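Some notes on the model follow, as numbered points.

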Amino acid sequence: MNKMKSAIYATILSAAVALPHWSLAQQTMNLNFSTSTPKGGCIIGFKGGNAPGTDKPMKLEFSYRVKDGNLNTQISVNGWPKAQKEDPERIVPMTMTLDSGEKIISKDGGYSSGFNDRYWAAWGKENSAAIFEKMKNVKTVHIEGDGMDLGDFDLQVKGLVYTWISGCAERQKAGGQ
């Protein structure tokens, strides 16, 4: 666990160096995100508001497959009737609006249910690199899809998604997690 915390702090510090207009104190205060490093993958998540029609909090996660750079996004909720009732075969693209105003529509998307209920988006291997590159300058995203406005998600520090995933991928390629 200490190794993981050290990696996270190192990522935040590298973000601070890469983003000189923020002081280190501003970047390390009140950060609230989660990470996971399954073999071959890097996942970073951020809390959001409640899922539409519920009092259940949402979590926005970005997952990155190291071997090919495939980027996916999902809204995860514990106990979301909408996702539980949906046909898992139905294709439901997601729209992610970056804080620059640029809207990106996923190549694929849909719902799944299990331990958590999910509304997921797949950007496609051919689009993932360009979308991932855009994350260098993103601090907030707005998510919409399937007639729902899922709201804004604060990614804590401009470029944190890109910086953390890049570092995670490098560590995995080098043989460490």
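1. Which residues are linked in a network of salt bridges? In this predicted model, the network consists of Lys82, Glu86, Arg90 and Asp146. The structure holds 11 salt bridges.

2. Asp146 pairs with Lys82, with 3.0 Å between the closest N and O atoms. The two lie in distant parts of the chain, 64 residues apart: Lys82 is in helix α3 (residues 81–85), and Asp146 is in the loop between β9 (140–145) and β10 (148–154). Lys82 is partly exposed, at 27% relative accessible area.

3. Asp146 also forms a salt bridge with Arg90, at 2.7 Å from N to O. Because Arg90 sits in the loop between α3 and β5 and Asp146 in the loop between β9 and β10, this pair ties together parts 56 residues apart in sequence. Arg90 counts as partly exposed at 32% relative accessibility, and Asp146 does so at 26%.

4. A salt bridge also joins the side chains of Glu144 and Lys103 (3.5 Å, N to O). Glu144 belongs to strand β9 and Lys103 to strand β6, with 41 residues separating them in the chain. Glu144 is partly exposed, with a relative accessible area of 26%, whereas Lys103 is exposed, at 53%.

5. In helix α4 (residues 125–134), the buried residues include Ser128, Ile131 and Phe132. These residues are on the same side of α4 because they cover an arc of only 100° around the axis. The face turned away from the buried side carries Glu126 and Ala129, which are exposed.

6. The packing partners of the buried α4 residues are strands β3 (57–65), β4 (70–77), β5 (94–98) and β6 (103–105), together with helix α5 (160–173).

Conventions
Residues are numbered from 1 along each chain as its sequence is written. This is a predicted model: local features need pLDDT of at least 70, side-chain atom pairs count only at pLDDT 80 or more; totals for chains, interfaces and linings use all residues. Side-chain values use heavy atoms; hydrogens and water are left out. Buried means under 20% relative accessible area, exposed over 50%, partly exposed in between (1.4 Å probe, protein chains only). Helices (H or I, at least four residues) and strands (E, at least two) are DSSP runs, numbered from the N terminus. The arc is that of the directions from the helix axis to the C-beta atoms. Contact means heavy atoms within 4.5 Å. A salt bridge is a side-chain nitrogen of Lys or Arg within 4 Å of a carboxyl oxygen of Asp or Glu.
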